[in-house]
Amino acid sequence: MTQTNTTKKRIVFCDFDGTITVNDNIIAIIKHFNPEGWERIAEQTIAQEISIKDGVGQLFRLLPSSMQEEVIAFSISNARIREGFAEFLAYCAEQHIEFYVTSGGIDFFVYPILEAFHIPIDHIYCNSSDFSGDRIEILWPNPCDGNCTNDCGMCKTTIMRRFPPEQYERIIIGDSVTDFEGAKLADRVYSRSHLTTKCKELGLAHSKYETFYDIIQSMSNERTES
Ligand SMILES: [Mg+2]
Ligand SMILES: [Zn+2]
């Protein structure tokens, strides 16, 4: 018998917007405050005419820093957590699966929304923000390494590469095209929405989910089968 995957440590990289939360928080914030010109920037970003980093940076620069309190209050109160998330965290803890949040979201909503779940702070990767100038400025503490040229802002593949495939079974959970590069590196992909479409288009193996209960079930089945 050769040694198989079961000897590797399982590690989960979980997206935040549209994955842990039901909706995309950045879009919800911008739509709600509706600053002039946001639609064009959003379209260019979705069409990949400008990078995610550029697009998100430009969108928040449309909002004055004086709106800090309202923006933060709105983003926290608007968010809904996808079903089964707390149970999934408990499952990971019980099964000794490492859990990381890899989010293209912003600190001022990611940390408060996750606070109730007691995830260690060094297991949460996201962008940060600066309200000290006239306009809201997004900061990018987790840029692409030399292996990524997408100008991601928060680079998911850069983080994944710190956990080598020889030692880790890398599992990604996501919902959008921003998760696709990570999905290519992963041993297992849990997808919904645009990520499913993209995986299908390009023939990448994936398992669909709607709630975190689906993922718990799939991961438990996989263990008993192997
Ligand atoms: Mg997402
Ligand atoms: Zn990148």
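1. Thr158 lies in helix α7 (residues 156-160); helices here are DSSP runs of H or I with at least four residues, strands are runs of E with at least two, and both are numbered from the N terminus. Thr158 is buried, because 20 other C-beta atoms lie within 10 Å. The cut-offs are these: a residue is buried if 20 or more other C-beta atoms lie within 10 Å of its own, exposed if 12 or fewer, and partly exposed in between, with C-beta atoms placed from the backbone. Leaving out residues up to four places away in sequence, Thr158 touches Asn142, Cys144, Asp145 and Cys148. Two residues are in contact if their C-beta atoms, placed from the backbone, lie within 7 Å. Between the C-alpha atoms of Thr158 and His123 there are 14 Å, and the two residues are 35 apart along the chain.

2. On the source: this is a predicted model, in which local features need pLDDT of at least 70 and side-chain atom pairs count only at pLDDT 80 or more, while totals for chains, interfaces and linings use all residues. Residues are numbered from 1 along each chain as its sequence is written, and chains are lettered from A and ligands numbered from 1 in the order in which they are written.

3. Overall form. The protein has ten helices and seven strands. Its radius of gyration is 18 Å, close to the 17 Å that the globule rule gives for 226 residues, so the protein is as compact as a globular protein of that length. The radius is taken over C-alpha atoms, and the rule is 2.2 Å times the number of residues to the power 0.38. Along the principal axes, the C-alpha atoms fill a box of roughly 65 × 35 × 25 Å. Of the 226 residues, 35% are buried. Among contacts between residues at least 6 apart in sequence, 56% join residues at least 24 apart.

4. The core. What does the largest nonpolar core consist of? It has 51 residues, and those with the most contacts inside it are Val12, Cys14, Tyr100 and Val110. Such a core is a set of buried Ala, Val, Leu, Ile, Met, Phe, Trp, Tyr and Cys residues joined through C-beta atoms within 7 Å. Helix α6 (residues 107-114) gives the most to this core, with five residues. The buried residues in α6 are Phe108, Phe109, Val110, Ile113 and Leu114. Their cover includes α1, α4 (68-78), β2 and β3 (124-130). Val12, for its part, touches Cys92, Ile97, Glu98, Phe99, Tyr100, Ile171 and Ile173, not counting residues up to four places away in sequence.

5. Ser103. This residue lies in strand β2 (residues 98-106). Ser103 counts as buried because 26 other C-beta atoms are within 10 Å. Its contacts, not counting residues up to four places away in sequence, are Asp15, Phe16, Asp17, Val110, Tyr125, Cys126 and Met154. Ser103 and Cys199 are 96 residues apart in sequence, and 19 Å apart in space from C-alpha to C-alpha.

6. A helix pair. Helix α2 (residues 38-46) packs with helix α3 (residues 52-61) at an angle of about 170°, their axes being 9 Å apart. The two are therefore roughly antiparallel to each other. The contact is made by Trp38, Ile41, Ala42, Gln44 and Thr45 of α2 and by Ile52, Gly55, Gln58 and Leu59 of α3. By class, it has five nonpolar, four polar and no charged residues. Axes are lines fitted to C-alpha atoms, for helices over the stretch in contact, and angles run from 0 to 180 degrees between N-to-C directions. Angles under 35 degrees count as roughly parallel, over 145 as roughly antiparallel, 65 to 115 as roughly perpendicular and the rest as oblique. Ala, Val, Leu, Ile, Met, Phe, Trp, Tyr, Cys and Pro count as nonpolar, Asp, Glu, Lys and Arg as charged, and the others, Gly among them, as polar.

7. Positive phi. Asn34 is not a glycine, yet has a positive phi of about 50°. Asn34 is found in the loop between α1 (25-33) and α2, and counts as exposed because it has 9 C-beta neighbours inside 10 Å. Ser193, also a residue other than glycine, has a positive phi near 55°. Ser193 is in helix α9 (residues 193-201) and is partly exposed, with 17 other C-beta atoms within 10 Å.
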